Amino acid sequence: MADSGRWYDEVFEDRIRLGLKVKEMLFSERSDFQQVDVFDTDAFGRTLAIDGILQTSEGDERFYHEMLVHVALCTAPSIRRVLVIGGGDGGTAREVLRHPEVEHCKMVEIDRVVVEAAKKFLPAIGSAWDDPRLDLTIGDGIAHVKEAEVEPYDVVILDGSDPVGPSEGLFNRDFYAGVDRVLAADGVFALQSESPVLMSPVFRALQAALPEFFATVRPYLGWVPIYGTAMWSWTFASRTVDPTVIIDSRIDAIEAGCDVYNRAIHEAAFALPGFVQRMLPGA
Ligand code: SPD
């Protein structure tokens, strides 16, 4: 990463550089875990970057958060209790809490600095912080799924960053075993699963690891304009639930308020190009 004063550049593995022209630097702090930056841009409005990696922006966050949340919440048999791991900007919790059936949304985010910066500088993204159904814990999501004594969750959503720094442990078998432990028998696990173009080893590894715990593992695709190549994947995992069977009342309640997600996008997102199909186990 370099903030040249006029441009904020994400340099991906010394292979690709993505730059946003900065109007104003709003926040820059080294937390106990990572470098947290928030800045205003001409192209996408206020933008969050962690350790030099673009995470979300006012201009494109709906491409990511709506796809991460609603595929799971429009198909899970129950959505009374939802766990969000990560998601410190608040966008994922906001989309979860748009569903009136959600009674309790537990969010476990490791970095208080991300939450504080988001509350102050990204209120348009995290607009549900005051919802009484939101139960925010600053803590380790990995420890939560491995050790916490909790009533099972109907849906678990992983909204982490790339597998470096504190997010590294969110991409392995141990973590998935923890999710398996806290998820209801007919629950749904939805996670961001990186770019099949730029991060194909990570994508492949998690598609190979999840079937040990979940009979149904279905990656799906969309676009996130500020991520390298824009193509992004999320993955739906469950022991019992078919992600293509949409619950009408749920989608009817939220579809009109979405910018990206709708019934046709939900159905189409599971269509995978050949090069992605060939990354799946058994292909
Ligand atoms: N390459 C960046 C991936 C970031 C995924 N998480 C974004 C968090 C938005 N709530």
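A polar contact is a pair of N or O atoms within 3.5 Å. Keep that cut-off in mind. What we have here is a predicted model.

Let's start at the ligand. Which side chains reach its nitrogen atoms? Take aspartate 159. An N or O atom in the side chain of aspartate 159 is 2.7 Å from a nitrogen atom of the ligand. Next, aspartate 162. A polar atom of the aspartate 162 side chain lies 2.9 Å from a ligand nitrogen. Then tyrosine 64. Here a polar side-chain atom sits 3.2 Å from a nitrogen of the ligand.

How much of the ligand does the protein bury? Taken alone, the ligand exposes 330 Å². The protein buries 96% of that. And the space the ligand takes is the largest cavity.

Now the shell around it. The residues there include Ile53, Leu54, Gln55, Tyr64 and His65. Asp89, Gln192, Tyr227 and Trp232 are also among them. By class, five are nonpolar, four polar and three charged. Which element gives the most to this shell? Strand E6, with three residues. E6 covers 53–57. Helix H1, 61–73, supplies at least two residues as well.

Last topic: charge pairs. Side chains of opposite charge can pair when their charged atoms come close. How many salt bridges does a search of the whole structure find? The count is 20. One example joins the side chains of lysine 23 and aspartate 40, at 3.9 Å, N to O. Lysine 23 is in strand E3, residues 16–30, and aspartate 40 is in strand E4, residues 35–41, so this pair ties together parts 17 residues apart in sequence.

Technical notes: Residues numbered from 1 in each chain as written. Predicted model: local features only at pLDDT ≥ 70, side-chain atom pairs only at ≥ 80, totals over all residues. Heavy atoms only, no water. Near = heavy atom within 4 Å. Polar contact = N/O pair within 3.5 Å; in protein donor to acceptor, adjacent residues only side chain to side chain. Areas by Shrake-Rupley, 256 points an atom, 1.4 Å probe, with all protein chains shown as cover. 1 Å grid on protein atoms, 1.4 Å probe; cavity = no way out; pocket = protein on both sides within 12 Å on 5 of 7 lines; lining within 4 Å. Sits in = over half its atoms within 2 Å of the grid points. Helix = DSSP H or I, 4+ residues; strand = E, 2+ residues; numbered from the N terminus. Nonpolar A, V, L, I, M, F, W, Y, C, P; charged D, E, K, R; others polar. Salt bridge = Lys/Arg side-chain N within 4 Å of Asp/Glu carboxyl O.
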